[in-house]
Amino acid sequence: MALKVTVVGVGMVGEQIVSILRERNFPMKWPPRICATRARSEVLAGEGFHVEETAEGAFEGVDVVFFAGKEGGKGASVQWGKKAVDAGAICVDNGGDFRMDPAVPLVVPEVNLDAVTPDKSFIASPNCSTIQMVLVLDALHRAARIRRVVVSTYQSVSGWGVAAQEDLLKQIPHALKSLDDIPFEPTVFASPIAFNLFPHIDKFLEDGYTKEEMKMVWETQKIMGDDTIKISPTTVRVPVLVGHGEAINIETEKKLSAAEAREILANSPGVVVIDEPNTNSPRNDPLERTYPVPLDVRRPEYQDMVLVGRIREDPTIENGLNLWCVADNLRKGAALNVVQIAEGLIERGRLNP
Ligand SMILES: NC(=O)c1ccc[n+]([C@@H]2O[C@H](COP(=O)([O-])OP(=O)(O)OC[C@H]3O[C@@H](n4cnc5c(N)ncnc54)[C@H](OP(=O)(O)O)[C@@H]3O)[C@@H](O)[C@H]2O)c1
């Protein structure tokens, strides 16, 4: 019997969920029920859907609900999560409202699917910048125990949602004429983002960090089950449409050479290492190496992976590594992760198609 699925939210992440369910042949009755704040027709991933206004009936008899609505008191999972669980569905939420709730498992399936014990029906998926970092850190932590991480992110505008991507595209023609007076939508970002970048993602907290930065600390410690790992983050928005980059400095208890780290990561699920001599370099630099960039996530062989490069030892500390990673924030950073959680629950017999 095919699973019955509801997707709540038809923004950037909701559309990707629909596309990924189809592309991975998720064992479900097609089409899924699609809900948002209001009813209408919508083309998602090339297919026409009837979008319903979200209401209690949307969860009756449904096996899995993927939440991809906005966060907060008026957001989708706060309004509808409990009702969906009470109706008997397993819910997987992309938003941040319940990630740090001790009763809610926060899951990257390659790392901690075990956190979904039989009594849990509401599962949170981490923030996009956390997911890609955790896949890298977990593999190295198992080999050499991580003590401290310093991370700087380079996050694309799609991480904010559809309005931010549209705003960047609108700003570019103005910026090409003059950089001095680029109109921008101040309810999205605090400055124009075209040909610019800023160290400000999500709200500021009292200690001067932003909420995005602290999500990377709290969520990573929860997923890896180790709050002794120290994490020092700076999160930066860059004028890239899709694909987040992260420069990560890692201090371990046990020494790992760059070659050992490369080998560990190359053998880790969900990770691809792109870090070898660039024999095709047109720049005649014999030391040039290959490395991943955000546009790489458009390639089918990379779209679902965390790409890692620039792996090198940090000579300024005893056991240190530097590396760079890139992933599609809408796929592995959001929609793919929630679908993989549901696939993991099928494999474990928790969901029975
Ligand atoms: N973008 C990313 O890279 C990323 C990564 C990880 C996690 N997330 C999380 O994923 C979620 C969706 O993000 P997004 O970028 O796709 O946002 P988005 O493009 O702004 O789309 C939000 C969607 O949610 C719907 N919605 C909002 N409130 C709702 C409610 N109370 N009930 C039902 N539907 C509601 C909206 O409906 P209408 O269309 O009717 O307005 C819209 O379709 C957010 O929680 C975000 O934090 C995003």
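Which strands does helix α2 lie across, and at what angle does it run to β5? Helix α2, residues 76–86, lies across β1, β5, β6 (90–93) and β7. Its direction runs at about 170° to β5. The model behind this description is predicted.

Start with the sheet under that helix. It is an open sheet of seven strands, in the order β3-β4-β2-β1-β5-β6-β7. The pairing is mixed. Strands β3 (40–44) and β7 (122–124) stand at the edges. Each has a single partner strand, so one side of each is left without a neighbour in the sheet. From one strand to the next, the twist averages 30°.

Helix α1, residues 12–23, also packs on this sheet. It touches β1 (5–8), β2, β3, β4 and β5 (64–67). The direction of α1 makes about 155° with that of β1.

Now look at the pairing around β4. Strand β2 (residues 33–36) and strand β4 (residues 47–53) run parallel, joined by three bridges. Within this pair, Ile34 stands opposite Val51. On the β3 side the sense is antiparallel, with five bridges between β3 and β4. There, Arg40 stands opposite Val51 in β4. Strands β3 and β4 form a hairpin with two residues between them. Ala45, in the turn, has a positive phi of about 50°.

Pro31 sits in the loop between α1 and β2. The peptide bond from Trp30 to Pro31 is cis, with omega near 0°. Ala55 is found in the loop between β4 and β5. At 36% relative accessibility, Ala55 counts as partly exposed. Its C-alpha atom is separated by 39 Å from that of Val136, 81 residues apart along the chain.

Next comes another sheet. Six strands form it, in the order β9-β8-β10-β13-β12-β11. This sheet is open, and its pairing is mixed. Its edges are β9 (230–234) and β11 (271–273). Each of these has a single partner strand, so one side of each has no neighbour in the sheet. The twist averages 25° from one strand to the next.

Strands β12 (residues 306–313) and β13 (residues 320–327) run antiparallel, with five bridges joining them. Gly309 in this pairing stands opposite Trp324 in β13. Helix α7, residues 258–266, packs on the sheet and touches β11, β12 and β13. The direction of α7 makes about 165° with that of β12. Helix α4 (residues 128–144) lies across β8 (146–154), β9, β10 (244–252), β11, β12 and β13. Helix α4 runs at about 25° to β10.

Two residues here have backbone angles worth checking. Arg310 lies in strand β12. Its phi is positive, about 50°, although Arg310 is not a glycine. At 39% relative accessibility, Arg310 counts as partly exposed. Asn284 is placed in the loop between β11 and β12. Phi of Asn284 is also positive, near 55°. At 70% relative accessibility, Asn284 counts as exposed.

Finally, turn to the second largest pocket. About 210 Å³ of space lies in it. Its lining is formed by Gln16, Val240, Leu241, Val242, Pro294, Leu295, Val297, Arg298, Asp328 and Leu330. By class, the lining has seven nonpolar, one polar and two charged residues.

Note on methods
Residues are numbered from 1 along each chain as its sequence is written. This is a predicted model: local features need pLDDT of at least 70, side-chain atom pairs count only at pLDDT 80 or more; totals for chains, interfaces and linings use all residues. Side-chain values use heavy atoms; hydrogens and water are left out. On a 1 Å grid over the protein atoms alone, a cavity is a set of points where a 1.4 Å probe fits but cannot get out, and a pocket is an open set with protein on both sides within 12 Å along at least five of seven lines; lining residues have an atom within 4 Å of a point. Grid points are joined across faces, edges and corners, and a volume is the space filled by probe spheres set on the points. Ala, Val, Leu, Ile, Met, Phe, Trp, Tyr, Cys and Pro count as nonpolar, Asp, Glu, Lys and Arg as charged, and the others, Gly among them, as polar. Two strands pair if DSSP finds at least two bridges between them. Helices (H or I, at least four residues) and strands (E, at least two) are DSSP runs, numbered from the N terminus. Axes are lines fitted to C-alpha atoms, for helices over the stretch in contact, and angles run from 0 to 180 degrees between N-to-C directions. Contact means heavy atoms within 4.5 Å. Buried means under 20% relative accessible area, exposed over 50%, partly exposed in between (1.4 Å probe, protein chains only).
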